[in-house]
Amino acid sequence: AAFISSLFVMRFFLLTIRKYGIWMWAVYLFAAASLIITDEMLPLIWEVPDVIENLEPRIIVGVLFMALLLEAIPFTSAFVPGFVSMIAIGAYLHDDPWMIAACIPIGATALILGHLIGYIPARQARKKIHWNEKADERLMKTQRFFKKYGLWAVFFGGWWAPFRPFISIAAGLGNMRPIPFMFAIVTGSIAWVTFVLISSAGVLGGAL
């Protein structure tokens, strides 16, 4: 049943993209991600600290690294609550600023590696695959966009969970050069991890 229904879904997905473009699925993913976060993920913020209370610091850091790495990878991002895990860890470590400081480079490194897993294959596909005329025209538009706004798109795109796993693929398909991409993704990841950990420690730490 799952196999047959998947065939119908893929057929419907391709038909809608050809007729209407990708925008309707972008709206759908944004709405779905928002509902999931609201209905399921946010309550975990209050439960995860109880789970990690007796864990060793190295295990907490490992959980943070794996959660953010898998959330940044396109194939696993939908199944890993990296953002929620980071909020819970920041709230739990609110009275240990040195641990929070240690978590920032570890979390940022995980995000950077996850983005590279999407960016590198996509950039190779843009350069080596022979696209059809219509697809190549769209890719040229994407390339012009990232040439003009790539730094800001990658910097802020990594901040939002619905866009995070796909911004690196878009940058690769847009043939964004490695140096600007790395600059934007490194600075954006560090800024985002720092903001979330410190804000969750300050806002939620006292309540927990």
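Axes here are lines fitted to C-alpha atoms, for helices over the stretch in contact, and the angle between two of them runs from 0 to 180 degrees between N-to-C directions. In this predicted model, helix α6 (residues 97-128) packs against α8 at an angle of about 35°, the two axes lying 7 Å apart.

## Overall architecture

The protein chain contains nine helices and zero strands. Read from the N terminus, its elements follow the order α-α-α-α-α-α-α-α-α. Of the 208 residues in the chain, 38% are buried. Among the contacts with a separation of 6 or more, 77% are made by residues 24 or more positions apart.

## The packing of α6 on α8

The crossing in which α6 passes α8 is right-handed. On the α6 side, the contact involves Leu 111, His 115, Gly 118, Tyr 119, Ala 122, Arg 123 and Arg 126; these meet Arg 164, Ile 167, Ser 168, Ile 169, Ala 171, Gly 172 and Leu 173 in α8. By class, the residues of this contact comprise seven nonpolar, four polar and three charged.

Helix α8 spans residues 164-173, and its buried residues are Arg 164, Pro 165, Ile 167, Ser 168, Ala 171 and Gly 172. The spacing of such positions can be read against helix geometry. An α-helix has 3.6 residues a turn, so residues three or four places apart point the same way.

Arg 123 is located in helix α6. Because its relative accessible area is 15%, below the 20% limit, Arg 123 is classed as buried. With neighbours within four places in sequence left aside, the contacts of Arg 123 are Gly 172, Leu 173, Asn 175, Met 176, Arg 177 and Pro 178. Arg 123 and Asn 175 are also joined through their side chains by a polar contact of 3.4 Å.

Asn 175 belongs to the loop between α8 and α9. Its phi is near 60°, a positive value in a residue other than glycine. With a relative accessible area of 25%, Asn 175 is partly exposed.

## The packing of α4 on α5

Helix α4 (residues 57-72) and helix α5 (residues 82-92) have axes that come within 8 Å and cross at roughly 155°. Since angles over 145 degrees count as roughly antiparallel, α4 is roughly antiparallel to α5. Their crossing is left-handed. From α4, Ile 60, Leu 64, Ala 67, Leu 68 and Glu 71 take part; their counterparts in α5 are Gly 82, Phe 83, Ser 85, Met 86, Ile 89 and Tyr 92. The residues of this contact divide into eight nonpolar, two polar and one charged.

Ala 67, one of the α4 residues in that contact, is buried with a relative accessible area of 7%. Apart from residues up to four places away in sequence, Ala 67 touches Val 80, Gly 82 and Ser 85. The C-alpha atoms of Ala 67 and Val 80 are 6.2 Å apart, although the two residues are separated by 13 residues in sequence.

Gly 150 is placed in helix α7 (residues 133-157). Its relative accessibility of 2% makes Gly 150 buried. Residues up to four places away in sequence not counted, Gly 150 touches Phe 145 and Met 176. Met 176 is also among the contacts of Arg 123. The C-alpha atom of Gly 150 is 7.9 Å from that of Pro 180, a residue 30 residues away along the chain.

Ser 200 lies in helix α9 (residues 178-203). With 4% relative accessibility, Ser 200 likewise counts as buried. The side chain of Ser 200 reaches the backbone oxygen of Leu 197 at a distance of 3.0 Å.

## Summary of accessibility

The table collects the residues treated individually above.

| Residue | Relative accessible area | Class |
|---|---|---|
| Gly 150 | 2% | buried |
| Ser 200 | 4% | buried |
| Ala 67 | 7% | buried |
| Arg 123 | 15% | buried |
| Asn 175 | 25% | partly exposed |

Technical notes. Residues numbered from 1 in each chain as written. Predicted model: local features only at pLDDT ≥ 70, side-chain atom pairs only at ≥ 80, totals over all residues. Heavy atoms only, no water. Helix = DSSP H or I, 4+ residues; strand = E, 2+ residues; numbered from the N terminus. Parallel < 35°, antiparallel > 145°, perpendicular 65-115°, else oblique. Left-handed = near helix turned anticlockwise from the far one by under 90°. Contact = heavy atoms within 4.5 Å. Nonpolar A, V, L, I, M, F, W, Y, C, P; charged D, E, K, R; others polar. Buried < 20%, exposed > 50% of the residue type's maximum accessible area, 1.4 Å probe, protein only. Polar contact = N/O pair within 3.5 Å; in protein donor to acceptor, adjacent residues only side chain to side chain.
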